[in-house]
Amino acid sequence: MRLYIFAALAIALTSAFALYGINYDTRQLERRVQAKERAIKIARRDIAVLKAERAHLGRPERIEPLARAQGLRPATERQLFAGPAEAMANVFSETAQRIARASRGE
Amino acid sequence: MERAITITPLGGKPARRPQGKLGDTVANGRLRMLVASLAIAVAFMAVAGQLVRLALSSQFQVTSSLNATIAESFARPDIVDRNGRLLATDVEAQSLFADPTRVIDRDEVVEKLASIFPDLNQVELRKSLSSPHRRFVWIRRGLSPKTAQRIHNLGLPGLAFRRELRRAYPGGALAGHVLGHVNVDNKGVAGFERYLDEVVGVEAVYGATLAERAPARLSLDIGVQHAVEEELATAINRFRARGAAGIVLDIDTGEVLASASLPDVDPARPIMSLDPARIDKVANSTFELGSVFKMVTVAMALDNAVVSLDTMVDVREPLTAGRFTIRDLHPADRPLSVADIFIRSSNVGAGVLALEAGPQRSREFLERLRLLDPIKTEIGPIAAPQVPDQWQESEIITTSYGHGIAVAPLQFAAAAATLLNGGHRVIPTFVKRQPDAERDMVPLIKPATSDDIRRIMRRNVTDPKGTGKRANVAGYPVGGKTGTAEIPGAGGYKKDAVISSFLAAFPMNKPKYLVYVLLFEPKGTGDSGGEVFAGRNAAPTAGRIIRRIGPLLGLLPTSEAAAAQSNRVFDATRLAKYEAR
């Protein structure tokens, strides 16, 4: 009987300690999960703000003048050539004109 | 001290248990031990049960119950353009509230807050803070971080902040009419924002929880939208117009790539949309559109086989219908072909074609193109057309050149797209269609009629006498039709007040996009030769828009069109790589 009682007491105490341990670990894990969730929420909030800022900085109204300042323009028909031969002819023509202007001292 | 001794004899039975007083004592001791053990076991079980309950219980339920009575907001999906560029998103913002029971000095709170918010209703706030039964009073919602910090620095007891979701529009007023706006609870109340609430779905949240839904993808291209808005703003300045509107539509899918109405509205400032001058002229207003309607009249006559493009019509005499006399601005001194009626924009010619077709066929054709019934898009119902009560001779004549019938520009653009795309129905949409999505190709007119309309629209731009010649763009085969409509006022049409418009399409060898430009009450300026006609203001504006948006839409200038411009001889077969991508 005594053995039974001691055994029961030991099991109860062990169970209690185990339960306390599990409970403590659970609380710790919960705290860690909550901390991660808070970090995720803050990160998502920051991403939303950064996304909005990037879109604001990349709006056409702002980008277009910057592109123009870089000399970028929409494609025009003057950039078209019939083919390599005509392209070369144009290049030669421009070069010839430049040489002619240079020879005239212009 | 007595001790119970059990003696077991060798080879014999165990000794009998002690009897009498000693035996009772032993039995009582066991009972007490048993009871004590049970009590300890029950106690441990209670402790263990409590531990398990606490470990399993969720803390979030507590949080929810605190917030439930305070504020509910809506987490909305982002809105992006057809290329994924952001147009609207949710961000967290601080909202300021007060707990009147914790406010120590009401006057100090009111005065210091008024120094930060000059428009604060001090009387109302003082009254709210004086209420003995209130524990929560909103003061200002959606504060910027800077303003929130300034209030925080005041150190006033009784004030606190709550994080909420606010809608941010990074593009500013870009596409403001299409986007619409939300209310203070982040709920969509107008435009595409409302469509998000009604169809796509938003999430009711407590506090500032961002939505996890995929973004809603508009059909708009913000590069094209910006180009259209900027060119319209330039046109308003050049021609001193009161307003302008522009549409770019994919004539096959009905996707709206740009929809601009100036003066514009900023979706972050919903109060702007209450200004009548800022109403969306593309979808929420109807106008008598004038001679662009001749596209419909000529198409009707061709589709019903009343005439062909070469049929000659006598337009030398004015047309009389009831008390009205219809004249041409520049009367022809000879009969004109149907194509010439279109190119010279002859009111008399259009009226004759409508009379030849008759009231029934004229009305039926308008019905077929859905110009008489209200339509709806994702940004809301389009303003319902205003149509004649009866269709007598005078009504069909005035309707033939775009008077006596008022429709929203977007609705007319959709009908015009049908005339240009080979004849199938176009339903305008602000949502991007998937390239591989099956489309309901409902034929409304004959493909041959569509071909004829394309041909005369192109001629109207290339012909030196065409009213649309100033819309010509080097490198792009553009076609179009002008419209200069007088604006009705009290007691008749206003003097010198017109809506000039130009409906263009490109590339005309196989039209892909429709561009519709409207200028409201332009003045004759140096840039328009002192005239207010559409050929002088709306047509060149449409040309400038096409020049800018062509490359953005992946359409490079073609060498054929360039050749037509410069009279240079090109070998088209070698130039395939320069064709539209």
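## Salt bridges between the chains

Between chain A and chain B of this predicted model there are four salt bridges, a salt bridge being a side-chain nitrogen of Lys or Arg within 4 Å of a carboxyl oxygen of Asp or Glu. R44(A) forms a salt bridge with E212(B), and their closest N and O atoms are 3.5 Å apart.

## The interface

The contact involves 35 residues from chain A and 47 residues from chain B, where contact means heavy atoms within 4.5 Å. About 3,400 Å² is buried between chain A and chain B, 64% of it on carbon and sulfur atoms; buried area is the accessible area (1.4 Å probe) that two parts lose on being put together, summed over both.

## Surface patch

A nonpolar patch on the surface is formed by M1(A), Y4(A), L34(B) and L38(B), which together have about 440 Å² of accessible area. Such patches are made of residues with over 30% relative accessible area and no salt bridge, with nonpolar side chains (Val, Leu, Ile, Met, Phe, Trp, Tyr) joined within 5 Å and like charges within 9 Å.

## Confidence and conventions

Chain B has an average pLDDT of 87, and 90% of the residues score at least 70, pLDDT being the predictor's confidence in each residue, from 0 to 100. Over residues 4-12 of chain B, however, pLDDT stays under 50. Where pLDDT is low, the predicted coordinates should not be read in detail.

Residues are numbered from 1 along each chain as its sequence is written, and chains are lettered from A in the order in which they are written. Local features need pLDDT of at least 70, side-chain atom pairs count only at pLDDT 80 or more, and totals for chains, interfaces and linings use all residues, while side-chain values use heavy atoms, with hydrogens and water left out.

Key. Areas by Shrake-Rupley, 256 points an atom, 1.4 Å probe, with all protein chains shown as cover.
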